[in-house]
Amino acid sequence: MELGMIGLGRMGGNMALRLINGGHRVVVYDQSAAAIKDLVKQGASGASSMPDLLKQLAKPRAVWVMVPAGEPTENTVNAVAAAASPGDVIIEGGNSNYKDSMRRAAAVKQRGLFYLDAGTSGGIWGLQEGYCLMVGGEKEAFQRVEPVFRTLAPAVDRGYGYVGPSGAGHFVKMVHNGIEYGLMQSYAEGFELMAAKKDLALDLAQVAEMWRYGSVVRSWLLDLTAAALRENPKLDNIMAYVEDSGEGRWTVQESVDLGVPLPVIALSLQARFRSRQDQPFAARLLAALRQQFGGHAVKKAP
C-alpha cells in the first residue's frame with residue numbers, strides 16, 4: 001500500500017521505516033531536508049513539498065500527519081486538506097486533544113475527505129516493538145488503510161484497533177496517558193521508599209530486575225525502570241523536574257466534567273507540577289505557620 005508521511009521526527013521517522021520494511025511504498029516530507037534524505041536512503045520516496053507528496057501518491061490517497069499537537073498539527077492538516085481530493089484519508093497520529101480531532105474531522109468531511117485520529121503509543125521503541133494504535137473515525141476509512149495499522153502494530157492480530165467515531169482514538173490515548181502517569185508515579189514512590197531505607201542497603205537495580213519476572217507488578221514500565229537503574233543506579237545528574245505532554249491534564253479535566261473520580265491520576269499530575277518548583281511557596285508557608293503557632297524553628301535560605 002502507498003502512504004504519505006508528514007513529520008519525520010524520531011517517532012515519525014521510525015514509523016516510516018517500519019512501513020518501508022513491511023513492504024509499503026512511503027512518500028515522506030518534512031521541514032528537515034536531512035530527515036527526508038535519510039529515509040530516502042532507506043527506501044522511501046522523498047517529496048520537495050506537500051503538494052509534491054500528494055502528487056506522488058495514487059488516488060484515493062492516505063496521508064499520515066505526525067507533527068506536534070496544537071498549531072503545527074492544525075496548520076499541517078489544513079494544508080493537506082486544501083490540496084487533497086475527495087476520498088483521500090488524513091490520519092493524524094499525534095497527541096491531539098480529542099475535541100480538536102472531532103472538529104477537524106467535521107471540517108474535512110465538508111471537502112469529501114476522511115479523517116482518522118490515531119492515538120499512537122510506543123515512543124522511540126516502536127520500530128523494534130511495534131506501536132499500539134487506537135483509531136477513531138469513519139470505519140470505511142479505517143478498513144481501507146488497515147494494512148498500514150497492521151504493519152505498524154506489534155503483530156498482525158494485536159496492538160491496534162478501531163475504537164469508535166471521530167475523536168475516540170485520541171480520547172482512548174488520552175486516558176492511556178493518564179493511566180501511565182499513575183503507574184510511573186507509583187513506581188517512583190515505591191523505589192524512593194526503598195532508597196530511603198539506608199540500613200538495608202538495597203540494590204534498587206537488582207530489585208527492579210527481580211520484579212520483572214513473576215511478580216504482579218511486572219510491566220514494560222518496570223522493564224524501563226530496571227534499565228534506567230542499571231545504567232545510572234543513583235540517577236546522577238538527573239534533575240527532579242518532570243514535564244507533562246498535556247494529556248494528563250485533559251484526562252483530569254474530563255474527570256471533572258463527567259464527575260468521575262480519578263484520585264491517583266490527579267495526584268500524579270500534581271506531583272509533576274510540584275517537581276518543577278524550587279522552594280514552593282506552600283511549603284515555605286507551612287514552615288512559617290509552624291513557627292507562628294508553636295515556635296518551631298525554620299531553616300533560613302542562604
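Predicted model: local features only at pLDDT ≥ 70, side-chain atom pairs only at ≥ 80, totals over all residues.
Me: Why is tryptophan 250 called partly exposed?
Reply: Buried means under 20% relative accessible area and exposed over 50%, with partly exposed in between (1.4 Å probe, protein chains only). Tryptophan 250 has 24% relative accessibility, so tryptophan 250 counts as partly exposed.

Me: What makes the link between the side chains of threonine 151 and histidine 24 a polar contact?
Reply: A polar contact is a pair of N or O atoms within 3.5 Å; within protein, one must be able to donate a hydrogen and the other to accept it, and residues adjacent in sequence count only if both atoms are side-chain atoms. The side chains of threonine 151 and histidine 24 are joined by such a contact of 2.7 Å.

Me: Why are H1 and H7 called roughly perpendicular?
Reply: Angles under 35 degrees count as roughly parallel, over 145 as roughly antiparallel, 65 to 115 as roughly perpendicular and the rest as oblique. H1 and H7 pack at about 105°, and are therefore roughly perpendicular to each other.

Me: Which residues of H1 and H7 meet?
Reply: Met15, Arg18 and Leu19 in H1 meet Val148, Thr151 and Leu152 in H7, where contact means heavy atoms within 4.5 Å.

Key:
Residues numbered from 1 in each chain as written. Heavy atoms only, no water. Axes fitted to C-alpha atoms, helices over the stretch in contact; angles between N-to-C directions. Helix = DSSP H or I, 4+ residues; strand = E, 2+ residues; numbered from the N terminus.
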